[in-house]
Amino acid sequence: VQLGTITEDMAGIKAPMFDGTQPCATVEDLDIFFPELDDPLFKQKQAQAKSVCAECAFKLPCLEYALKTQQLGIWGGATFSERKRIRASRKRKPPG
């Protein structure tokens with residue numbers, strides 16, 4: 001497996017492989033990607049995580065991985081709730 005690329009797990013789900021150069025690798029507090037609802041800084045942490053994702057070249061592969069695996073937290077710049085809406089809208093649209 002080459003780091004910094006995409007790899008498939010045993011179920012065939014493509015997962016981003018991070019090589020440490022992605023913006024999220026430099027974040028000291030990874031909790032910003034998993035803010036607790038009762039945290040008074042919830043919205044601030046969520047916005048901070050989304051801004052990190054916004055500048056990442058792996059944003060789309062990361063988002064697709066989270067959509068397929070139902071990860072918690074912010075992945076690819078989207079929250080769990082936002083990804084739930086994305087999945088629902090994809091189910092409503094006919095392929096093609």
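A word on the model first. It is a predicted one, so to speak of local features takes pLDDT of at least 70 and side-chain atom pairs count only at pLDDT 80 or more, while totals for chains, interfaces and linings use all residues. Residues are numbered from 1 along each chain as its sequence is written, and side-chain values use heavy atoms, with hydrogens and water left out.

**The overall layout**

The protein chain has three helices and two strands, and along the sequence they come in the pattern β-β-α-α-α. Helices here are DSSP runs of H or I with at least four residues, strands are runs of E with at least two, and both are numbered from the N terminus. Of the chain's 96 residues, 33% count as buried. Buried means under 20% relative accessible area, exposed means over 50%, and partly exposed is in between (1.4 Å probe, protein chains only).

The accessible surface comes to about 6,700 Å², and 56% of that belongs to carbon and sulfur atoms. Those areas come from the Shrake-Rupley method with a 1.4 Å probe; for residues, only the protein chains shown count as cover. As for contacts (heavy atoms within 4.5 Å), take those between residues at least 6 apart in sequence: 36% of them join residues at least 24 apart.

Which residues of α1 are buried? They are F42, K45, Q46, A49, V52 and C53. These residues cover an arc of only 120° around the axis, so they sit on the same side of α1. The arc is that of the directions from the helix axis to the C-beta atoms. As a general point, an α-helix has 3.6 residues a turn, so residues three or four places apart point the same way. On the other side of α1, K43, Q44 and A54 are exposed. The buried residues of α1 pack against α2, residues 59-69. In α2 itself, C62, L63, Y65, A66 and L67 are buried.

**The cysteines**

How many disulfides are there? The count is zero, with a disulfide taken as a pair of cysteine sulfur atoms within 2.5 Å. The sulfur of C56 has its closest cysteine sulfur in C24, 5.7 Å away, which is too far for a bond. C62 is in no disulfide either, and the nearest cysteine sulfur, that of C53, is 6.2 Å away.

C24 is placed in the loop between β2 (14-16) and α1. Not counting residues up to four places away in sequence, C24 touches L30, F33 and V52. C24 and C53 are 29 residues apart along the chain, yet their C-alpha atoms are separated by 7.2 Å.

| Cysteine | Relative accessible area | State |
|---|---|---|
| C24 | 27% | partly exposed |
| C56 | 16% | buried |
| C62 | 11% | buried |

**The aromatic pair**

A search of the whole structure turns up one aromatic pair. Rings of Phe, Tyr and Trp (its six-membered ring) pair if their centres lie within 6.5 Å; planes under 30 degrees apart count as stacked, over 60 as edge-to-face and the rest as tilted. The rings of Y65 and W75 have centres 5.7 Å apart and planes at 45°, so this pair is tilted. Y65 lies in helix α2 and W75 in the loop between α2 and α3 (80-92), so the pair ties together parts that are ten residues apart in sequence. Y65 is buried at 16% relative accessible area, and W75 is buried at 17%.

Just after α2, Q70 takes a positive phi of about 55°, although Q70 is not a glycine. Most residues other than glycine have a negative phi. Q70 counts as partly exposed, at 47% relative accessibility. K84, in helix α3, is 14 residues from Q70 in sequence and 8.4 Å away in space, C-alpha to C-alpha. K84 counts as exposed at 53%.

T79 is found in that loop between α2 and α3 too, and it counts as buried at 10% relative accessibility. Leaving aside neighbours within four places in sequence, T79 is in contact with Q46, K50, G73 and I74.
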